[in-house]
Amino acid sequence: MAGQPTIAVIGGGLGGLATTIALARAGFTVDVFERAPQLGEVGAGINISPQATKTLLALGLGAELAAVGNAMSGQIQRSMYTGEQLVDTALGGQGRSADRYGAPYYVFHRADLLTVLAGAVDSARIHLDHHCTGLVEDPGGVTLEFANGRRHKANIVVGADGIHSQIRQHLYGADEARFTGQMVWRALVDGKTLPPDLLGPHGFCGWIGKGSHLMTYYLRGTDVINITTQSDADSWVEEGWSSKGDPGEMRARFPGAAPQLQQLLDAVTDCSKWGLFGREPSDDWGRGRIQLIGDAAHPMLPNAGQGAAQAFEDAYALARWLDTRRDDPEAALAGFREVRIPRAHAIQRQSHLNSKLVHAGDWEQRQETFKQRERQGDTALGMNWIYAYEPTQEWNQRREYPLSFAPGAPS
Ligand SMILES: Cc1cc2nc3c(=O)[nH]c(=O)nc-3n(C[C@H](O)[C@H](O)[C@H](O)COP(=O)(O)OP(=O)(O)OC[C@H]3O[C@@H](n4cnc5c(N)ncnc54)[C@H](O)[C@@H]3O)c2cc1C
């Protein structure tokens, strides 16, 4: 290819923006196209685990992240019904994330994280109101068609357009994401109006129950408390995959809540309701000059807190591969897929297994499993292999993960 390849990223979510930054830092000309008239994220919190933090630190965003994120010292898990503490992840030799893994485990308000990423992209390269509706491939690249009538030609296209990806559909036909049997409510409440010890020593508390669990943690210092619930559900009957929720309905879903949890639920005045959709792990991540990343490539249940984290790993690795093989972008993308697919699949499986640990099986036994993990020092709850990964050093190293691979997962 004469000169440097030009790159178009479709989707200005967390994955698309991180990819745009990584590619621009590597010296590529990269444009990002977002269908919405403004960049935006849902009003909720998000966890970014230490190995994913490392990719953002490598992009030079450390100071900006530290300014808006809460670096967590650990989390506790409690019984949803008695409030009894089952496990403290800071115990058992795990220690603080930054000491153990070399980077903070952050929680952010999603809008703050998106703002940090958007601030690192040349605004002239962000094209809002560009809903990609079609792609025409030729030997030199891809012409993108948008609902506003515009067209754009690039040598390489990155589909970062989420779980219902149009780019995926162009490549592989319509394969609608399916309902996973899990639904969530999300809410933010005022952190200053509730007792400061409500969320335990780390300001981060999970509540484990029968067929459901909740994650509650502080955001923006202690200004805001994020509440995310996840419950088993037979079907998803709403028209879309998210809708405005009813706080009364949300509270009623957790009968017999411990007093501390009830206090949190009572503080909810506004919430949203989501069906969780997914796909089986698939090798269909792209071909030729088109590459999928993030949820477009590997949607996963939120039980491992890794959806965006994996999109950040994708972003970093993609830029390194394309930088290293400037002579042959198609070979670079093939190399990217060879390394990234096994890891993302293993994490999709871990996420599925985590949902069993927190939801399924005998309730007494599950409580005992958590306590046992603490006694055994496995307070990372099977996630150590994910957090200990070094994305800036291992981006070109393929590892095999047998299908049964999920250290620490319940049998
Ligand atoms: C309840 C819940 C909790 C979660 N918690 C965590 C967590 O703690 N940690 C974590 O790492 N992950 C978490 N995740 C997962 C994480 O939110 C997603 O994996 C991540 O946001 C995916 O980012 P993305 O950029 O790939 O896709 P998206 O965020 O879906 O972004 C896609 C973007 O593309 C745009 N777009 C779509 N189609 C087009 C088109 N045709 N043309 C132009 N633009 C288009 C969309 O408007 C959107 O802006 C959670 C998910 C859920 C549901």
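Gln260 is partly exposed, because 18 other C-beta atoms sit within 10 Å of its own. On this scale, 20 or more such atoms within 10 Å make a residue buried, 12 or fewer make it exposed, and anything in between is partly exposed, with C-beta atoms placed from the backbone. This is a predicted model, in which local features need pLDDT of at least 70 and side-chain atom pairs count only at pLDDT 80 or more, while totals for chains, interfaces and linings use all residues. Residues are numbered from 1 along each chain as its sequence is written.

Tyr81 is 179 residues away from Gln260 in sequence, yet the two are 9.7 Å apart in space, C-alpha to C-alpha.

H8 itself covers residues 259-266, and its buried residues are Leu261, Leu264 and Leu265. Seen down the axis of H8, these fall within an arc of 95°, so they line one face of the helix; the arc is that of the directions from the helix axis to the C-beta atoms. An α-helix has 3.6 residues a turn, so residues three or four places apart point the same way. The buried residues of H8 pack against strands E13 (178-190), E14 (204-208), E15 (212-219) and E16 (224-232), plus helix H7 (247-252).

Now for helix H2. With 7 of its 9 residues buried, H2 is largely enclosed by the rest of the structure. Those buried residues are Pro50, Gln51, Ala52, Thr53, Lys54, Thr55 and Leu56. After H2 comes Gly60, with a positive phi near 85°.

| Pair | Axes come within | Crossing angle |
|---|---|---|
| H2 (residues 50-58) and H9 | 8 Å | roughly 40° |
| H1 (residues 14-25) and H9 | 8 Å | roughly 25° |

The axes are lines fitted to C-alpha atoms, for helices over the stretch in contact, and angles run from 0 to 180 degrees between N-to-C directions. Angles under 35 degrees count as roughly parallel, over 145 as roughly antiparallel, 65 to 115 as roughly perpendicular and the rest as oblique.

The angle between H2 and H9 makes H2 oblique to H9. Their crossing is left-handed, meaning that the near helix is turned anticlockwise from the far one by less than a right angle, with clockwise being right-handed. On the H2 side the contact is made by Ala52, Thr55, Leu56 and Ala58, and on the H9 side by Ala309, Phe312, Glu313, Ala315 and Tyr316. These divide into 7 nonpolar, 1 polar and 1 charged. Ala, Val, Leu, Ile, Met, Phe, Trp, Tyr, Cys and Pro count as nonpolar, Asp, Glu, Lys and Arg as charged, and the others, Gly among them, as polar.

H1, by contrast, is roughly parallel to H9, and the crossing of H1 and H9 is right-handed. Among the H1 residues that meet H9 are Leu14, Ala18 and Ala22, and their partners in H9 include Ala308, Phe312 and Leu322. By class, the contact of H1 with H9 has 12 nonpolar, 2 polar and 2 charged residues.

Technical notes. Helix = DSSP H or I, 4+ residues; strand = E, 2+ residues; numbered from the N terminus. Contact = placed C-beta atoms within 7 Å.
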